[in-house]
Amino acid sequence: MATTSAATFSIGSTVSFGRRGSPPPLTKPSAARCTSQNSLASFSGLKAATSVKCDSESSFLGKESSAALRGSFARKAQKPNQSSHHGLQLQASYKVAILGAAGGIGQPLALLVKMSPLVSALNLYDIANVKGVAADLSHCNTPSQVLDFTGASELGNCLKGVNVVVIPAGVPRKPGMTRDDLFNINANIVKTLVEAVADNCPDAFIHVISNPVNSTVPIAAEVLKQKGVYDPKKLFGVTTLDVVRANTFVAEKKNLKLINVDVPVIGGHAGITILPLLSKTKPSVSFSDEEVEQLTIRIQNAGTEVVEAKAGAGSATLSMAYAAARFVESSLRALDGDGDVYECSFVQSDLTDLPFFASRVKLGRKGIEAMIPSDLQGLSEYEEKALEALKPELKASIEKGIAFAQKQPVTA
């Protein structure tokens with residue numbers, strides 16, 4: 001978590017938030033205490049919203065507040081005729097399940113989700129080694145209760161009553177591997193897990209991290225259709241890492257304040273299907289043709305950059321966990337009634353002629369409330385050509401996932 005502040009968070013008691021320009025008090029107890037004295041920028045969403053300064057007698061974070069927590073305190077629009085100072089209260093009231101919680105992404109992701117003041121229960125599932133992860137996390141003095149579930153026989157219980165399911169389960173990329181090489185193993189894993197989600201928490205938001213996302217999300221959709229519970233507004237391929245990387249690389253290249261940089265990323269989540277819309281960068285900034293090409297290629301190949309740097313020891317686990325935690329926090333804020341939550345995600349879409357497409361979406365209590373078609377309007381010539389170039393590869397990946405799921409009947 002790169003950004004720092006003088007803010008501290010106190011976890012574990014029912015208290016309130018005060019802030020300038022915030023909505024009227026909500027009737028929920030909270031797990032943190034904050035006063036709005038200065039503003040920070042929220043890491044959640046693509047809007048660089050202001051947040052709050054939080055003071056408490058003690059804090060498990062010390063003076064460096066976590067962006068994963070700050071995401072819960074993003075600014076909400078003030079309605080007319082409201083006074084300029086209101087209290088805001090949050091309640092740890094949501095249940096999150098991480099499937100694959102003992103893995104390289106799952107463990108740091110579980111830690112970051114454990115830090116959220118909106119989570120009341122954190123269920124950790126894996127086929128082995130999850131008990132120790134849960135025991136370790138359970139010692140952190142944040143509101144959520146941590147429970148562990150091991151093996152297929154406990155998967156159903158892990159998912160009962162869950163609001164958000166995150167699926168990082170699967171094998172990671174190794175040097176020389178493409179995301180497509182992972183298909184046969186991870187496709188079966190995602191299929192099995194989504195079947196359990198359909199049976200036990202069909203109304204949950206489903207966050208698919210397992211690669212290749214361009215194929216595993218269509219697989220999940222087909223499984224949910226076969227089970228009769230598919231809601232396209234609640235199925236998400238987590239492409240947030242592409243946005244995180246784009247923001248980081250652009251800020252470095254242009255010497256911008258990172259927290260203010262927003263770069264929408266569209267298309268898919270592999271190679272040339274990843275298309276950062278540098279022409280839509282906020283704040284507005286100009287790029288030479290050479291810079292556009294260099295940045296685009298680096299963002300597209302950033303995963304390989306990490307795989308090669310780790311020299312066979314793993315893939316992008318920490319940055320992926322950070323990005324996934326951001327998306328989880330955004331989903332929880334949307335479920336909690338924040339009306340100003342936007343993220344890029346690979347979802348069922350009608351913005352192009354492809355059935356699934358990554359773009360910016362508005363999140364709400366029932367999932368996707370709106371697509372943002374304006375992001376695809378007024379693209380640069382480079383982006384227009386890149387968009388057309390990515391479509392055949394993305395189409396093939398989508399069709400591969402659909403074909404796999406249709407050939408593999410779901411279990412009753």
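The following legends describe close-up views of a predicted model.

**Figure 1. Overview of the predicted protein model.** The secondary structure of the protein comprises 11 helices and 14 strands. Of its 412 residues, 57% count as buried. Among contacts with a separation of 6 or more, 72% are between residues 24 or more positions apart.

**Figure 2. Strand β4 and its two parallel neighbours.** Strand β4 spans residues 94-99 and is mostly covered, with five of its six residues buried. Six bridges pair β4 in the parallel sense with strand β5, residues 119-126; within this pairing, Lys95 has Ala121 of β5 as its bridge partner. Helix α2 (residues 106-114) belongs with β4 and β5 to a right-handed β-α-β unit. Strand β4 also runs parallel to β7, to which three bridges join it. Here Val96 stands opposite Val164 of β7.

Figure 3. Strand β7 (residues 164-167) runs parallel to β8 and is joined to it by four bridges, with Val164 as the bridge partner of Phe205. Strand β9 (residues 235-237) is likewise parallel to β8, through three bridges, and Phe236 of β9 stands opposite His207. Together with helix α6 (residues 213-227), strands β8 and β9 make a right-handed β-α-β unit. Phe205 also takes part in an aromatic cluster with Phe236 and Phe327.

**Figure 4. Helix α7 and its surroundings.** Helix α7 consists of 15 residues, 240-254, and reaches 21 Å from its first C-alpha to its last, close to the 21 Å expected at 1.5 Å a residue. Because 11 of its 15 residues are buried, α7 is largely enclosed by the rest of the structure. Arg298 lies over the face of Phe249, at 3.7 Å from the ring centre. The residue that follows α7 is Asn255, which has a positive phi, near 55°.

**Figure 5. The aromatic pair Phe183 and Phe404.** A search of the whole structure finds four aromatic pairs. In the pair shown, the ring centres of Phe183 and Phe404 are 5.6 Å apart and the planes stand at 85°, so the pair is edge-to-face. Phe183 lies in helix α5 (residues 183-200) and Phe404 in helix α11 (residues 381-407), so the pair ties together parts that are 221 residues apart in sequence. Phe183 counts as buried because its relative accessibility is 3%, under the cut-off of 20%. Phe404 is buried too, with a relative accessible area of 11%. The charged end of Lys400 sits over the ring of Phe183, 4.6 Å from its centre.

**Figure 6. The aromatic pair Phe346 and Phe356.** Another aromatic pair, Phe346 and Phe356, is tilted, with 6.1 Å centre to centre and 35° between the planes. Phe346 lies in strand β12 and Phe356 in strand β13 (residues 356-364), and the two residues are 10 residues apart. Both Phe346 and Phe356 are buried.

**Figure 7. Asp375 in the loop between β14 and α11.** Asp375 is found in the loop that runs between strand β14 (367-371) and helix α11. At 6% relative accessibility, Asp375 counts as buried. When residues up to four places away in sequence are not counted, Asp375 touches Pro264, Leu277, Lys280 and Arg360.

Notes. Residues numbered from 1 in each chain as written. Predicted model: local features only at pLDDT ≥ 70, side-chain atom pairs only at ≥ 80, totals over all residues. Heavy atoms only, no water. Expected span 1.5 Å × (residues − 1). Buried < 20%, exposed > 50% of the residue type's maximum accessible area, 1.4 Å probe, protein only. Pairing = 2+ DSSP bridges. Right-handed = clockwise from strand over helix to strand, strands pointing away. Phe/Tyr/Trp six-rings, centres within 6.5 Å; stacked < 30°, edge-to-face > 60°. Lys NZ or Arg CZ within 6 Å of the ring centre and 35° of its normal. Contact = heavy atoms within 4.5 Å.
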